[in-house]
Amino acid sequence: METVVDNQKVRTVKKLEKMFGHIDFKHPPELCPVRDVMSVASDQWSTLIILWLGYFPVMRFNKLKKYVYGISNKVLSQRLKVLEADGYISRKAYAEVPIRVEYRLTDFGQSYVEKLLELTEWMQTNSPKVIANRERYGLV
């Protein structure tokens, strides 16, 4: 008799087969959509920017910098440009002196936040296990 866990494993294997089963490993594709999209949307800074924009509907540059602790102005500016180009966030500049620029999630970015929240909840639940494993391995 199959259990729920067995069914989840079967579904996971099928999804992985769909994702990787067609790849010719002797001649891998030059562009891997998963790697390309994940590299932009999942680096530590972009993830934090997207999550903070999920929490605060509209944020300005300096507020983002304050909350994304440790990021430099240059890196924040670069990440915001890439996230805007990929469609995760929108940028609105107001013709004021000094210029006022606001950032917000797009609908696409909001759908990504929903997936990120599932992952971050999993991480929070499992972080004690990871820390315990690191201690057993001698990394802490």
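**View 1. The start of helix α1 and its length in the predicted model.** At the start of α1, the backbone nitrogen of aspartate 6 has a side-chain oxygen of threonine 3 within 3.1 Å; a polar contact is a pair of N or O atoms within 3.5 Å in which, within protein, one must be able to donate a hydrogen and the other to accept it, and residues adjacent in sequence count only if both atoms are side-chain atoms. The model is predicted, so local features need pLDDT of at least 70 and side-chain atom pairs count only at pLDDT 80 or more, while totals for chains, interfaces and linings use all residues. Residues are numbered from 1 along each chain as its sequence is written, and side-chain values use heavy atoms, with hydrogens and water left out. Helix α1 covers residues 4-20, and its 17 residues should span 24 Å at 1.5 Å a residue, which agrees with the 24 Å between its end C-alpha atoms; the expected span is 1.5 Å times one less than the number of residues. Helices (H or I, at least four residues) and strands (E, at least two) are DSSP runs, numbered from the N terminus.

View 2. Three strands in the order β1-β3-β2 form an open sheet with antiparallel pairing, where two strands pair if DSSP finds at least two bridges between them. Because β1 (59-60) and β2 are at the edges, each with a single partner strand, one side of each has no neighbour in the sheet. Six bridges link β2 and β3, and tyrosine 94 has arginine 100 in β3 as its bridge partner. In the loop between β2 (89-94) and β3 (100-105) lies proline 98, which is joined to valine 97 by a cis peptide bond with omega of about -5°.

**View 3. Glutamate 102 in strand β3.** Glutamate 102 is placed in β3 and is buried, with a relative accessible area of 13%; buried means under 20%, exposed over 50% and partly exposed in between, with a 1.4 Å probe and protein chains only. Its side chain makes a polar contact of 3.1 Å with that of tyrosine 94.

**View 4. The largest nonpolar core.** This core has 20 residues, and those with the most contacts inside it include Ile49, Leu80 and Tyr103; a nonpolar core is a set of buried Ala, Val, Leu, Ile, Met, Phe, Trp, Tyr and Cys residues joined through side-chain atoms within 4.5 Å. Helix α3 gives the most to this core, with four residues.
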